[in-house]
Amino acid sequence: MTGAGSKELNDFGAAADAWFRENVDPDPGFMLPLTFMEVGTDQQFEWLRDWQNRVYEAGFLGAAWPEQYGGGGLDPAFQAEATKAMRRHNGPIMLNAIGLNWTGPLLLDLGSEDHKKTYLQRILSAEDIWCQGFSEPENGSDLGNAQTRAVRDGDAYVVNGSKIWTTLGRYADHMILLARTDSNTPRKYDGLSFLLAPMKTEGVRTVPIRKLTGEHGFTQTFFTDARVPVDRLVGEEGQGWGVAMRTLEYERGARGGQAGGYVSVQADAWDVLELARGMQRAGAPALDDPVLRERMVEFIIEIQSLALCRQRLGVPALNSDRPAGLPLSSKLMNTEFARRVNEFAITLTGAKGAYYVGDPSAVDDGIWARAYLNAFSATIGGGTSQIQRNIVGEHVLGLPKS
Amino acid sequence: MQDIGRIGFSEEQADLLDAATVFCREKSPIAKVRRLIEDETGYDVDVWREMGELGWLGIAAPEVYGGLGLPIGAVVPMLEQMGRRLLASPFLSTTLAAQALLVGGTEGQKQALLPKIAAGTAATLALVEASGDWNLENIQCAATDAGAGALRLAGEKFLVCDAAAAAWIIASVTYEGRPNLVVIEKAAIPQGALRRETVIDETKRAFALSLDGVETPKANLFDPARASAAFAHIHLAANLLGSAEMCGGTQAVIDYTVDYLKTRKQFGKLIGSYQALKHPIVDAYVGYEQARSHLYSAAHCFGEQGAGEISTRMAKAQADAAFSYAADRAIQFHGGFGFTYDCDAQLYRRSAIWQAAQYGDGAYHKRRLAQLLL
Ligand SMILES: Cc1cc2nc3c(=O)[nH]c(=O)nc-3n(C[C@H](O)[C@H](O)[C@H](O)COP(=O)(O)OP(=O)(O)OC[C@H]3O[C@@H](n4cnc5c(N)ncnc54)[C@H](O)[C@@H]3O)c2cc1C
């Protein structure tokens, strides 16, 4: 293994830079999704799957995962360089988010040798697409109350019930599934188990759900006597809650080990500034308006806050009072910012704020309105902002449970 | 996209942060803060002497003048911890006076004053006038030649911090129609020219100062060629260090409120379990963490062209927003007790208001940032 700052690292960074410069196609001929949650058409899906595969084959995804499972076996600094290069050249997102960022690190930490051998490389290459079956129609924020049943029958669990809001559900080969193996535990959490469930198998059916944007995104997933082999259990039976909570830590970025790259691109305050420069108010540039000026500056200060907080995470001496503070609050900070900045962008477009994607008169093809609507995917998905505030209040500030 | 700052933290800063954390906690328990509020002097002279002995007043002064030769960002952890413990002393005033001298003073002035300041003699700045303008170069006070190498001063200064403790007061004046600064020895100030002011933050000591009739040697005038640079530097340095005090105060008022939310019960439940209280205090906390990130970016980048000014103004704007919100909610979340003088929430709320009034509040800095960024 080679450390940061070495010649190897610099060479690797340069190679990544050259590769992304060469291979990022600025215009695939259709609109690419900004996040993995927005993948809506087969065309987008196939294109992004191929893109992820090429990045992996070039050595710029999973560079820090162990070699025997398909990774590059390098120090995390190498993957960080590759990800930076990807960003620098505006590379499209990595498609297989739930595999790369949540399932992968989870299996590396807690999976059996067979799990790692079976799944990890195929996650990186995007041969296997993963989805997440946690939420249910009746149990979302209150995930611990999940009722989808998994009943042991010989060498398999037989699963019945329904999961909902399944991102990439239509395409997925596997699901990380939180299911109830015991309905009679005193604590509801203790009856849950965590399974690696095949999706393309008998008894699993997905039904597409139309999103607020009008597009199709996630699915509802129905299980009718679907069989999951017993050795697809992660952790012990009845320990599923702990495993699921750990998965959410990867998802929210509070715990590391992800394969690298990024799974969403955020419009940021600087893009909005560019937009503002082109807009008019009362016959003058919009940025002459003192109110808009102040708000614009506030958004720039805020996006800088987010960048600086990420940097400060790397300085333990500046996190000594509440070490969990920044990791546990980053999802809340980042997702709420994205929602508000996109909302502001719409208002900047004046009368044209009335247009939506598809109209030739829409500013920037209508991406601001769509990005605002889609921003709720992150303030709701992965634990709502209200739940995040509970988490920060309880686990960082030590307040009593609500 | 321009460089607007980044986090960096040196080993010296880390050591100073550790030292200041322990020192301020031990020297400034809240009961003592309240005792000193009632005290005319307003600070513990023994603690002040100790700070001088520890070399804290020379942290950002070059070694040739008896200092440690560190960048001013190294002073940030000290003021952060002082703000956190509401530790009263002429430290900020004296540090800013030294900064003014460093940038605008003549070599003779630096050699005469800086080593003494580094060793613990207090000094201060007299900048604010009746207009209350934050623009430091909007000056009515004047210096005119009085013959025999002397200057005669005229006009009135307000909010001169720690003037009673200071051995030197550096005042802004116009001289020959141009803004400049002049060093006034305490001895040159007549009886009655200083009047203690009543200020919102009772841990602070501020004075009105009548300059009418005060005389001072012409050699005490700053280098006219560097006056403008000195004003700009004072403005930014004061905002950097003020932001540090504010971040410390924000942390403290959040801790204080969280303690209450964990102990006070109503309707049979700890009030911290109610989301109407929990969620806003989390928002305050997130605002604090963001302010602290900006603070240490400004501390790191202060000396850089462009990024220094931008990061400092951002730090002040964010600190103002975070401290005001946290301290305002602190009063509300203590209920009837929050309305009392005994509740510490008022100490922080008053501090936040005081700090906002120093060298520009959030709105002021956002306006300047708009000019720099948009
Ligand atoms: C785009 C998108 C993609 C998603 N992808 C997936 C996926 O792939 N897999 C998956 O399993 N799930 C997924 N989800 C589901 C997501 O995790 C849930 O929607 C979320 O946890 C909220 O649950 P709910 O929808 O049942 O809302 P509810 O829990 O019913 O919440 C309704 C409202 O009540 C508030 N609320 C609830 N409980 C509390 C409380 N204790 N305190 C304060 N406020 C509270 C919530 O904040 C919310 O505003 C996705 C969601 C979205 C939007």
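User: Is B:R49 buried, exposed or partly exposed?
Analyst: This is a predicted model, in which local features need pLDDT of at least 70 and side-chain atom pairs count only at pLDDT 80 or more, while totals for chains, interfaces and linings use all residues. Residues are numbered from 1 along each chain as its sequence is written, chains are lettered from A and ligands numbered from 1 in the order in which they are written, and side-chain values use heavy atoms, with hydrogens and water left out. Buried means under 20% relative accessible area, exposed over 50%, and partly exposed in between (1.4 Å probe, protein chains only). Because its relative accessible area is 48%, B:R49 is partly exposed.

User: With which residue does B:R49 form a salt bridge?
Analyst: A salt bridge is a side-chain nitrogen of Lys or Arg within 4 Å of a carboxyl oxygen of Asp or Glu. With the closest N and O atoms 2.9 Å apart, the partner of B:R49 is B:D46.

User: Where does A:E302 lie, and what is it in contact with?
Analyst: A:E302 lies in helix α8 of chain A, and at 15% relative accessibility it counts as buried. Contact means heavy atoms within 4.5 Å. Leaving aside neighbours within four places in sequence, the residues in contact with A:E302 are A:F337, A:R340 and B:Q290.

User: How many salt bridges does the rule find across the interface of chain A and chain B?
Analyst: At this interface, 42 residues of chain A are in contact with 41 residues of chain B. One of the salt bridges joins A:E294 and B:K366, whose closest N and O atoms are 3.3 Å apart. Across the interface of chain A and chain B, the rule finds 7 salt bridges.

User: What area is buried between chain A and chain B?
Analyst: The size of an interface is often given as the accessible area lost when the parts come together. Buried area is the accessible area (1.4 Å probe) that two parts lose on being put together, summed over both. For chain A and chain B, carbon and sulfur atoms give 66% of a buried area of about 3,700 Å².

User: Which residue forms a salt bridge with A:R370?
Analyst: Chain A is divided into domain 1 (6-129), domain 2 (131-251) and domain 3 (269-396), with bounds that come from an automatic or database domain assignment. Between domain 2 of chain A and domain 3 of chain A, the count is 1 salt bridge, and these domains bury about 540 Å² between them. A network of salt bridges links A:E38, A:K211, A:E215 and A:R370. At 3.1 Å, N to O, the side chain of A:R370 meets that of A:E215.

Notes. Helices (H or I, at least four residues) and strands (E, at least two) are DSSP runs, numbered from the N terminus.
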